[in-house]
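Subject: Structure handover

Hello,

Here is the structure for your files. My notes on it follow below.

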Amino acid sequence: MAAELSPDVTLTPTDDGAVVLDERSGRYFQLNRTGLLILRSLLDGRSADEIAADLSGRFPVTPDRARSDVDRLYESLRTAGLVTG
């Protein structure tokens, strides 16, 4: 589930996570710290299972729930045209 930021998309880390700007539409999206961790992991080429295992090791969440969260965020980013892959 490796991903790349779409052209014309800018990722800017903040104290609370990140802001993602779609320069084509001018729309901003906000990610919390966990969302940023997931996105960076996807951009680094890690699999959804690897990311879910990392999340369930860091936070009180089951691997199945973590995997569902990773899949849902990836699909939201992809549907919004912010990532490809």
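How many bridges join strand 2 to strand 3? Six bridges join them, and the two strands run antiparallel, with strand 3 covering residues 17–22. Helices (H or I, at least four residues) and strands (E, at least two) are DSSP runs, numbered from the N terminus.

Before the rest, the basis. This is a predicted model, in which local features need pLDDT of at least 70 and side-chain atom pairs count only at pLDDT 80 or more, while totals for chains, interfaces and linings use all residues. Residues are numbered from 1 along each chain as its sequence is written, and side-chain values use heavy atoms, with hydrogens and water left out.

Three strands form an open sheet in the order 2-3-4, with antiparallel pairing; two strands pair if DSSP finds at least two bridges between them. Strand 2 (9–14) and strand 4 (27–32) are the edge strands, each pairing on one side only. From one strand to the next the twist averages 20 degrees. Leu11 has Val20 in strand 3 as its bridge partner. Helix 1 lies across strand 2, strand 3 and strand 4, and runs at about 100 degrees to strand 4. Axes are lines fitted to C-alpha atoms, for helices over the stretch in contact (heavy atoms within 4.5 Å), and angles run from 0 to 180 degrees between N-to-C directions.

Core

A nonpolar core here is a set of buried Ala, Val, Leu, Ile, Met, Phe, Trp, Tyr and Cys residues joined through side-chain atoms within 4.5 Å. Buried means under 20% relative accessible area, exposed over 50%, partly exposed in between (1.4 Å probe, protein chains only). The largest core has 18 residues, and Ile38, Leu42, Ile51, Leu55, Val70, Leu77 and Val83 touch the most other members. Helix 1 (33–43), helix 2 (48–58) and helix 3 (63–79) are the elements giving two or more residues to this core. Helix 3 gives the most, with five residues.

Helix 2

Which residues of helix 2 are buried? They are Ala48, Ile51, Ala52 and Leu55. These lie on the same side of helix 2 because they cover an arc of only 100 degrees around the axis, taken from the directions from the helix axis to the C-beta atoms. Helix 1 and helix 3 are among what covers them. The face turned away from the buried side carries the exposed residues Asp49 and Gly57.

Regards
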